[in-house]
Amino acid sequence: MIALIVVWFMFYLYIDRKVDHLNNFTYKSYRISQEFSSNIKNFQTFLLSGYKGKDFYIHHNQKDLKLYIDHLKRQKKEIDLLFNESKELNIGSNPTMTAVSRKIDHLYTIVNQFKEIALIRGFKDYGIEGKMRNKAHFLEEKSSLDKITLLQFRRHEKDYLLRSDKTSIKKFESLFHQTLKEKNIDVLTKQVLIDYKTNFDSLVKLSSQLGVSENQGLYKKINQINGFIENSFVQIIAHNKKRINELKETLFYVQLSQTLLMALIALLLCIYISKYFTKDIQLLSLDISNYIKSNFKEAVSDINHDSSIREVDFLLKSYGILKEKLSENIIFLEKKTEQANKTAAFKTQFLANMSHEIRSPLNGVIGMLNMLKTSSLNSEQTEHIEIAEHSANHLLGIVNMILDHSKMEAGKMKLEKHPIHLKKELSKLIRLFEYRIKDKNIALHFNFDENIDSNIFCDNLRLQQVLINLLDNAIKFTSEGDVKLEVRLVKKENKLQYLNFRIMDSGIGIDVNKTEQLLLAFEQADLTTTRKYGGTGLGLTISNQLIHLMKGSKLNIIALEEGGSSFSFDIPFSLNTDSLPIENQDTLSHDTDKKSIQKALIVEDNIINQKVLKKLLDKLNIPNTIANNGLEAVLLFEKNDYDIIFMDLHMPEMDGFEATKKIHSLAKYKLRNIPIVAVTASAFDEDKTKAIASGMDDFVTKPIVLKNLEETIAKQMEQYHYS
């Protein structure tokens, strides 16, 4: 096999070298042709100006003519070499190439003849033309010839030299014979005139032999030979190109045939080798497939024999070791994963318990503060209560942010999209900050793009949570100037519109190098910010996560050049294409008469929460009874008639879930259904889902706000149509 590859490679190199030689031969042919055509310009330059120089007549040579002649000699040699090379390359004999060689020899001879005649003819002060000029000067200065006749001779001479006009020759001869007959011309003048005529005749003869002005004589022959050689080069190149292409095609097919033969031999050899080598590989592949199908549980290998091929045997043993190590690692990772899941579950349960434990006393604090606010208080007492209420709400906000962050990390945060009127909701949102703006003596601007369709589907709670976080930060860090909320339309596609929200302030600004750090949980620009302004460092993190959950862009944070900061993001919203605009729906809602509730049942184990809920119901003029756990609630429901039940979820003896199921199973409930509203400090969606699944009708989260409680009661009464 190796010998075949070597033979193929050597033959490939031979063909490649042969092709290079053929390409080089084509290049040489073209180059010689171009050089010959370019060399003609040297001869033309000589005819144009070279023959007029004195060096040509003194040294019998001129640089352009010398270049032309030297190049002819070299091109003759190159043509002969090219002819011999064509035989070596099997291009075939080309008679045109032989003819070109002979023509160049002939051209060389004619050019030399042209040179010799040109030297004899001369120019101005040299050669025959020089002798004529000397005779003319004698006739002008020392002869008895009158000036007018001499001027006529010189004019005919110039006419011939300039135009080679035969008429000028006849006029010259006529004037010459006429002048000789004149009696007033002395013997010396006649002799000089005869010599002048003889030189003129020689000049005419030599000019005729050269034939430059009339394209006759040697000049014509030179042009004809040049043209013949140029055309011959075209034929030579065309002939060589054709033969070279034929040879290349032959070499290509030879190489292709050899390559196909080698491929066939290699294929047969591979088939033979594969049968020998792949037996154990197939067993290995089958074992790997079974190992994968077993979900990496079968650590014992089915391959128990040694391979006759050393490399394959090494592969089989390495695979066995890898399989054992992989199984050990999988078992280790499964244990670690189980531990991590338990830790995550413990963390979630811990947060749920902490939420319940923190919200329960907060429910009492906020509830009692709400009740105190409605009582008769002086201004100082009102201020104290407002401070306490603000602190309690701030603590509740921190708890909510930690829970939201935990939900985000666990992937349990879900969106609830409802139809809203965006501009109307944002206008309400802006009004929440009116008092803070007035206290800080800064301005809050709201700019809403009129091209935006406000009727959209959106999780209004989460969108407002993001905007409240950003606006709250902007107001907190701005001591003078203004805060702006801008909403503009980016684009509309199908039933989606992409909106850009941008909050700008003129506050303390941010470090451009720490914008990414701000999006990390529990991070702020620096510790001095925390000490001066407070905060957990979760607001921007949760906002960015909520934007991502709403399929929006990343929260973009920019430090403005004029001072302050800019926070912006894009979110796509589905358009609400219902025929009835949301902003007008309020005017069409049913004005249902709210019937009074005769009695409500409070099921709560915490005494403080019992008092808070009782006080709130008393505030709404709703009579109520308290049950300390689910078991008491079932007994009280059997004995008394209630219009609504407020059920805590987590209680001793019997929790709210089981109590609800017991009440639903009673014949009394089946005869007259009443709403059961879950009341709990838990903030997790799982508890809400579990409560609804167990048969409860609604969900109220602690701490309970009077307005929310009233709205929940009104909604349930309307659904159940109690009188």
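Predicted model: local features only at pLDDT ≥ 70, side-chain atom pairs only at ≥ 80, totals over all residues.
We may start with the second largest pocket, which holds about 650 Å³ of space. Its lining comprises 27 residues, and those closest to its centre are Tyr 51, Arg 121, Leu 161, Ser 207 and Ser 213. By class, the lining divides into 14 nonpolar, 6 polar and 7 charged residues. Several helices take part: α1 (2–48), α4 (95–121), α5 (127–141), α6 (147–163), α7 (166–180) and α8 (187–210) each contribute at least two lining residues. Because domain 1 (18–119 + 217–233) and domain 2 (127–210) both give residues to this lining, the second largest pocket lies between them.

Attention now turns to strand β10, which spans residues 644–648. Here 5 of the 5 residues are buried, so the strand is largely enclosed by the rest of the structure. In a regular strand, side chains alternate between the two faces of the sheet. In β10, Ile 644, Phe 646 and Asp 648 point one way, while Ile 645 and Met 647 point the other way.

The pairing of β10 involves strands β8 and β11. Strand β8 (residues 600–603) runs parallel to β10 and is joined to it by 4 bridges, with Ile 602 partnered by Phe 646. Strand β11 (residues 676–680) also pairs with β10 in the parallel sense, again over 4 bridges. In that pairing, Phe 646 has Val 677 of β11 as its bridge partner.

The peptide bond from Lys 702 to Pro 703 is cis, with omega near 0°, and Pro 703 sits in the loop between β12 (698–701) and α23 (706–720). Positive phi values also occur in residues other than glycine: phi is near 60° at Asn 621 and near 65° at Glu 653. Asn 621 is placed in the loop between α18 (607–619) and β9 (624–627), and with a relative accessibility of 66% it counts as exposed. Glu 653 occupies the loop between β10 and α20 (656–665); this residue is likewise exposed, at a relative accessible area of 69%.

Methods:
Residues numbered from 1 in each chain as written. Heavy atoms only, no water. 1 Å grid on protein atoms, 1.4 Å probe; cavity = no way out; pocket = protein on both sides within 12 Å on 5 of 7 lines; lining within 4 Å. Points joined across faces, edges and corners; volume = space filled by probe spheres on them. Nonpolar A, V, L, I, M, F, W, Y, C, P; charged D, E, K, R; others polar. Domains from an automatic or database assignment. Buried < 20%, exposed > 50% of the residue type's maximum accessible area, 1.4 Å probe, protein only. Pairing = 2+ DSSP bridges.
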